[in-house]
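Here is a short briefing on helix packing and selected residues. Keep the sequence and the 3D view side by side while reading.

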Amino acid sequence: MVRTPLTPEERERGERLGRLLREARGPRSMVEVAAAAGISAETLRKIETGRAPTPAFFTVAALAAVLRLSTDQLAAACSPAPVP
């Protein structure tokens, strides 16, 4: 299956989500947070660095629960960037 290339806006949203997750993780290790969310540390690394800009909903939901992020915070991070 061939994936459609991501648009610049989709990549930007993925980067914003990654920044939010990194900030929420704080001093906790990537391994600790990933294990608590039931995902691999490599998956978390890809999401945090924007290399996986469109992670599965349940992956994001599990991370949000572990990091105590609200759906409002996630929605704000993943909403399209305002057009100037």
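Thr59 counts as buried, because its relative accessibility is 17% and the cut-off for burial is under 20%. The model is a predicted one.

**Thr59**
- Leaving out residues up to four places away in sequence, Thr59 touches Ile39, Thr43 and Ile47.

**α1 against α4**
- Helix α1 spans residues 8-25, and helix α4 spans residues 57-67.
- Their axes come within 10 Å and cross at roughly 30°.
- That angle makes α1 roughly parallel to α4, because angles under 35 degrees count as roughly parallel.
- The crossing of α1 past α4 is left-handed.
- From α1, the contact takes in Leu17, Leu21, Ala24 and Arg25.
- From α4, Val60, Leu63 and Leu67 meet them.
- By class, this contact of α1 with α4 has six nonpolar residues, one charged residue and no polar ones.

**α2 against α4**
- Helix α2 covers residues 30-37.
- α2 packs against α4 at an angle of about 115°, and the two axes are 8 Å apart.
- Here the crossing is right-handed.
- α2 contributes Val33, Ala36 and Ala37 to the contact.
- α4 contributes Ala62, Leu63, Val66 and Leu67.
- The contact of α2 with α4 has seven nonpolar residues, with no polar and no charged ones.

**Leu67 in α4**
- Leu67 belongs to helix α4.
- Its relative accessibility is 7%, so Leu67 counts as buried.
- Leu67 takes part in the contact of α4 with α1 and in the contact of α4 with α2.
- Beyond its neighbours within four places in sequence, Leu67 is in contact with Leu21, Ala24, Arg25, Arg28 and Val33.
- Leu67 and Val31 are 36 residues apart along the chain, and their C-alpha atoms are separated by 13 Å.

**Val33 in α2**
- Val33 lies in helix α2.
- At 1% relative accessibility, Val33 counts as buried.
- Not counting residues up to four places away in sequence, Val33 touches Arg25, Arg28, Leu44, Leu63, Val66 and Leu67.
- Among these, Leu63, Val66 and Leu67 are also α4 residues of the contact with α2.
- Val33 and Asp72 are 39 residues apart in sequence, with a C-alpha to C-alpha distance of 21 Å.

- Arg68 lies in the loop between α4 and α5, the latter spanning 71-78.
- Arg68 has a positive phi of about 55° although it is not a glycine.
- With a relative accessible area of 76%, Arg68 is exposed.

**Aromatic pair**
- The structure holds one aromatic pair.
- The ring centres of Phe57 and Phe58 lie 5.2 Å apart and the ring planes stand at 80°, so the pair is edge-to-face.
- The reason is the cut-off: planes over 60 degrees apart count as edge-to-face.
- Phe57 and Phe58 are both exposed.

How values were computed
Residues are numbered from 1 along each chain as its sequence is written. This is a predicted model: local features need pLDDT of at least 70, side-chain atom pairs count only at pLDDT 80 or more; totals for chains, interfaces and linings use all residues. Side-chain values use heavy atoms; hydrogens and water are left out. Rings of Phe, Tyr and Trp (its six-membered ring) pair if their centres lie within 6.5 Å; planes under 30 degrees apart count as stacked, over 60 as edge-to-face and the rest as tilted. Buried means under 20% relative accessible area, exposed over 50%, partly exposed in between (1.4 Å probe, protein chains only). Axes are lines fitted to C-alpha atoms, for helices over the stretch in contact, and angles run from 0 to 180 degrees between N-to-C directions. Helices (H or I, at least four residues) and strands (E, at least two) are DSSP runs, numbered from the N terminus. Angles under 35 degrees count as roughly parallel, over 145 as roughly antiparallel, 65 to 115 as roughly perpendicular and the rest as oblique. A crossing is left-handed if the near helix is turned anticlockwise from the far one by less than a right angle, and right-handed if clockwise. Contact means heavy atoms within 4.5 Å. Ala, Val, Leu, Ile, Met, Phe, Trp, Tyr, Cys and Pro count as nonpolar, Asp, Glu, Lys and Arg as charged, and the others, Gly among them, as polar.
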